[in-house]
Amino acid sequence: MSHLSFPSPLGDITLFEYQDALVALDWGRVDGGEETSLLATARQQLDDYFDGKLRRFSLPLAPDGSAFQKKVWTAIERIPYGQVSSYGSLAHEVDSGPRAIGGACGRNPIPIIVPCHRVLGSGGSLGGYSGLDGLETKRFLLSLEGWRKS
C-alpha cells in the first residue's frame, strides 16, 4: 500500500492508496511514503480545497467498510459543498436510523474527501466528529466551505 504525508492547515495528513484508489486519509505523518500519480493528484486536490479553489473531489475511492457503511458514505458524498444534511435525513435516505448513520460517519476512512463533516445533528447541532481535534476540526471545515449556522 502506497502512502504520502504532507502538511495541511489542519496539520499533517497522510493519504493511502491501494490498487489505484484512495483507501484512507489519516491525521498525522507516516514516514517512508512513496508518491504515486494518484497520491500527487489527491494532495493537489486537497491543497486546492483548502485554498478555496476546489468544491468537489474527483478521485477514485475504495474505502473499506460494510455494505451499509459504503451506502452511507456514498450518500454523504452527494451533500454539496457548503451545505449540510442531518443524521436523520441521511437515515431516511438509506432506510436506517440516525445512530447507525453516526456510527458510519465515525468509521469513515476518508474524511474531508468523503465529507462527513457536512452531517449535523437534529436542530443543526454539530453532533460529533471523529477526526483530529473533533468538533474544532468540523467547525474549521464547515467554515472553510462558507457554511454558517442560521
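Contact here means heavy atoms within 4.5 Å. The views below come from a predicted model.

**View 1. Leucine 15 and its contacts.** Leaving aside neighbours within four places in sequence, leucine 15 is in contact with a list of residues that includes Ser2, His3, Leu4 and Phe6. Leu22, Ala24 and Leu25 are also among its contacts.

**View 2. The largest nonpolar core.** This core has 37 residues. Leu15 is one of those with the most contacts inside the core, along with Leu46, Ile76, Ile112 and Ile113. Three strands each supply at least two core residues: S1 (2-6), S2 (13-18) and S3 (21-27). Helix H1 gives the most, with six residues.

**View 3. Helix H2 against helix H4.** Two packed helices are described by the angle between their axes and the distance between the axes. Helix H2 covers residues 67-77, and helix H4 covers residues 98-106. Their packing angle is about 85 degrees, and their axes are 9 Å apart. Angles of 65 to 115 degrees count as roughly perpendicular, so H2 and H4 are roughly perpendicular to each other. On the H2 side, the contact is made by Phe68, Gln69, Val72, Trp73 and Ile76. On the H4 side, Ala100, Ile101, Ala104 and Cys105 take part. By class, this contact has eight nonpolar residues, one polar residue and no charged residues.

**View 4. Aromatic pairs around tyrosine 49.** The structure holds three aromatic pairs. In one of them, the ring centres of tyrosine 49 and phenylalanine 50 are 5.4 Å apart. Their planes lie at 65 degrees, so this pair is edge-to-face. Tyrosine 49 has 1% relative accessibility and therefore counts as buried. Phenylalanine 50, at 8%, also counts as buried. Tyrosine 49 forms another edge-to-face pair with tyrosine 81, at 6.2 Å centre to centre and 85 degrees between the planes. This pair links distant parts of the chain, as tyrosine 49 and tyrosine 81 are 32 residues apart. Tyrosine 49 sits in helix H1 (residues 37-50), while tyrosine 81 sits in the loop between H2 and strand S4 (85-86). Tyrosine 81 has 13% relative accessibility, so tyrosine 81 counts as buried. Tyr49, Phe50, Phe57 and Tyr81 form one aromatic cluster.

**View 5. Glutamine 19, with a positive phi.** Glutamine 19 lies in the loop between S2 and S3. Its phi is near 50 degrees, a positive value in a residue other than glycine. Is glutamine 19 buried or exposed? At 63% relative accessibility, glutamine 19 counts as exposed.

**View 6. Isoleucine 112, with a positive phi.** Isoleucine 112 is found in the loop between H4 and strand S5 (119-120). Its phi is positive, at about 75 degrees, although isoleucine 112 is not a glycine. Relative accessibility is 0% for isoleucine 112, so this residue counts as buried. Ile112 also belongs to the residues with the most contacts inside the largest nonpolar core.

**View 7. Aspartate 47 beside phenylalanine 6.** Aspartate 47 has its place in helix H1. With a relative accessible area of 27%, aspartate 47 is partly exposed. Which residues does aspartate 47 touch, not counting residues up to four places away in sequence? They are Phe6 and Pro7. Aspartate 47 and phenylalanine 6 are 41 residues apart along the chain, and their C-alpha atoms are separated by 9.9 Å.

How values were computed:
Residues numbered from 1 in each chain as written. Predicted model: local features only at pLDDT ≥ 70, side-chain atom pairs only at ≥ 80, totals over all residues. Heavy atoms only, no water. Axes fitted to C-alpha atoms, helices over the stretch in contact; angles between N-to-C directions. Helix = DSSP H or I, 4+ residues; strand = E, 2+ residues; numbered from the N terminus. Parallel < 35°, antiparallel > 145°, perpendicular 65-115°, else oblique. Nonpolar A, V, L, I, M, F, W, Y, C, P; charged D, E, K, R; others polar. Phe/Tyr/Trp six-rings, centres within 6.5 Å; stacked < 30°, edge-to-face > 60°. Buried < 20%, exposed > 50% of the residue type's maximum accessible area, 1.4 Å probe, protein only. Core = buried A, V, L, I, M, F, W, Y, C linked by side-chain atoms within 4.5 Å.
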